[in-house]
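Could you walk me through this model in my viewer, one selection at a time? I'd like to know what to pick next and what is there.

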Amino acid sequence: MLAEMINSLNSVIRNRFLIAALIGVGVFYTFYTKGVQFRKLGKAFKLTFGDMFKKSDDGISSFQALAVAIAAQVGTGNVAGTATAIVVGGPGAIFWMWISAILGMSTIFAEACLAQKYREVSEDGYVGGPAYYMKNGIENKKLGMRLAKIFSFLIIIALGFFGNMTQSNSIATSVHEAFNGIPLIVVGIAVAIVAALVFIGGIKRIANFAQLVVPIMALIYVVFSIIILVKFRADLGPAFKSIFVAAFTPKAAAGGALGFGIKQALVMGVARGLFSNEAGMGSTPHAHATAQVDHPVEQGYTAIVGVFIDTIVVCTATALIILSTGSNGFGLDGALVTQKAFELGFGAVGKTLLAISLTFFAFTTIIGWYYFGETNIKFLFGKKGLTPYRIIVLFFIIWGSTREIALVWNMSDLFNSLMVIPNVIALVMLHKDVGKMQYNFEKLNDEVPETAQ
């Protein structure tokens, strides 16, 4: 009954509203910022990685903030989510995942700028996110506070609780498959213990952890993927072709036997794209708000890089190894599809390699999502809410490791979709703030002030 109810809600909220809202706000900000994700992508990379080894005496550096954001972005959405998108929506889902990411770069630019502008100072440093730009930025204070409280409640449920279930679920199933049937509950408990040790250190420990682990894990995964693609290079061209053909035809490229529809591909691509890069969802602005930068737009540029790495690089690597190896044709689902691709590429050791990669991906996401939820717990309840929150998060990590995968993903999809609503409303209401910040920054740097006022 629970599964049927969630599926019914998702058919309306995720399959209709989510697509319209995310694509709509992405198109709006793409035009409003004159294509900031295209015009400034090169500068964004230069600013981001030029700051990579810079230390901030007062708090979190721009790169550390990006590392926390990418820690949250690069997780099971890249490994299991991309696989699920292909299995359920066909290869064409990857095309729509790319489109949602390209449009989402402008959305996340706006989110990061607003998070910087309307952040507050706490005893632990800067704190911010959608709840703060709703409360401090929207002129109608009553409406702003109401949206802020709704958003805070939803993100705590969506990421801190149900979202982290998907992460522990993917870790447990992958490790169970790779290491001779280690019990799921044992994996879940182990993940919870290690996570608790990081949680208690606050944002600085989380940032230091992310800065160390995220670049290494992403690089290793991409290198593994490239090795597989070299081995299956004869199938790489057909894999690319299937993505574009299936995106615009009512059946899958592989003979049409699976009968994937265009709408199904679009829905799964956008939904899994959201779960992966989180643009428009309102999660990563919590990390970007903590960065020490000279101007909010600088962190907006950095946020663009996060989406590019997450979807255009990591998700694409996953999609291509799945389609090139044909691992989506074995009747598997979720992370097991990607694990099968690694097995086909590396032999028996491939299962272990993917299990290790996925464990790092999903664990860093747990850390990032915990912090996003913590920020909103403090917003709603103050520090007194932290201990109960941590206990509940750890319970969901353990519980999620033993749940049925389809139910876990559908519950996460539902709450992810719900939290988009107040955030999109705020992004539209505060668009002039974004325009002014971008105009002033471009003028300050002697660039053509193309942004609308």
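Start by selecting residues 92-117, helix α6, together with residues 236-247, helix α11. In this predicted model, the two helix axes come within 6 Å and cross at roughly 85 degrees. An angle from 65 to 115 degrees counts as roughly perpendicular, so that is how α6 runs relative to α11.

Next, show the side chains where these helices touch. From α6, pick G92, I94, F95, W96 and W98; from α11, pick F240, S242, I243, F244, A246 and A247.

Now switch to a surface view and select F179, I182, I185, V186, I189, I193, V194, L197, I200, I356 and F360. Together they form a nonpolar patch on the surface, with about 930 Å² of accessible area. Which elements give two or more residues to the nonpolar patch? They are α9 (184-199) and α16 (349-381). The largest share, six residues, comes from α9, and I185 is found in that helix.

For the last stop, turn to the salt bridges, of which the model has six. Zoom in on E442 and R39, whose side chains meet in one of them, at 3.1 Å from N to O. E442 sits in helix α19 (residues 431-444) and R39 in helix α2 (residues 36-39), so this pair ties together parts that lie 403 residues apart in sequence.

Definitions and conventions:
Residues numbered from 1 in each chain as written. Predicted model: local features only at pLDDT ≥ 70, side-chain atom pairs only at ≥ 80, totals over all residues. Heavy atoms only, no water. Axes fitted to C-alpha atoms, helices over the stretch in contact; angles between N-to-C directions. Helix = DSSP H or I, 4+ residues; strand = E, 2+ residues; numbered from the N terminus. Parallel < 35°, antiparallel > 145°, perpendicular 65-115°, else oblique. Contact = heavy atoms within 4.5 Å. Patch = residues over 30% accessible without salt bridge, like charges linked within 9 Å, V, L, I, M, F, W, Y side chains within 5 Å. Areas by Shrake-Rupley, 256 points an atom, 1.4 Å probe, with all protein chains shown as cover. Salt bridge = Lys/Arg side-chain N within 4 Å of Asp/Glu carboxyl O.
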